[in-house]
Amino acid sequence: MVSLLIGRKGTGKTKRMIDFANESMETAKGSIVFIKKSHRAMYDLKYRIRVVCMEEYEGISNSDEYIGFIYGIISSDHDIEKIYIDSIVNPANIQTFDLPEFLKRLNQISETFGADFIVSISAEKEEMAGIDVTGFEILN
């Protein structure tokens, strides 16, 4: 399953994602991964959550490379239960017009490997108007 947290920058999406991840760690039977843009606020996450900071992987510059990166994370740990992706639009230069294909591919990965994705998208509601989010859980 792919769940979305949508809102403009500065609306508290990262804080909510951190809270979601910490809460899910309490009942998780598998691994939890949190992918974020930078090291900022990484110590707010529980120590058992694997944190991946995208600033260390500057070579990832589009959605295809980001999907490959996610495959690499999953291949290194087959027990991943949830992957939190904070602010997908900025770190990998994914534009809002790339989102439908990117989300479709995440959904396919989720179905194939059984990992749930929780993705925050820094965008105004108007920017998301042309994007079909049918089939995705909206968390806000």
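Visitor: Does E26 count as buried, partly exposed or exposed, and what is its relative accessibility?
Guide: In this predicted model, local features need pLDDT of at least 70 and side-chain atom pairs count only at pLDDT 80 or more, while totals for chains, interfaces and linings use all residues. Residues are numbered from 1 along each chain as its sequence is written, and side-chain values use heavy atoms, with hydrogens and water left out. Buried means under 20% relative accessible area, exposed over 50% and partly exposed in between, with a 1.4 Å probe and protein chains only. E26 therefore counts as exposed, at a relative accessibility of 57%.

Visitor: Which residue forms a salt bridge with E26?
Guide: A salt bridge is a side-chain nitrogen of Lys or Arg within 4 Å of a carboxyl oxygen of Asp or Glu. Here the closest N and O atoms are 2.0 Å apart, and the pair links distant parts of the chain, with E26 in helix α1 and its partner in the loop between β2 (31-36) and β3 (50-53). Helices (H or I, at least four residues) and strands (E, at least two) are DSSP runs, numbered from the N terminus. The partner, partly exposed with a relative accessible area of 33%, is K46.

Visitor: How many residues apart in sequence are the parts that D64 and R105 tie together?
Guide: The side chains of D64 and R105 meet in a salt bridge, at 2.5 Å from N to O. Because D64 lies in helix α2 (residues 63-76) and R105 in helix α3 (residues 99-113), the pair ties together parts whose separation in sequence is 41 residues.
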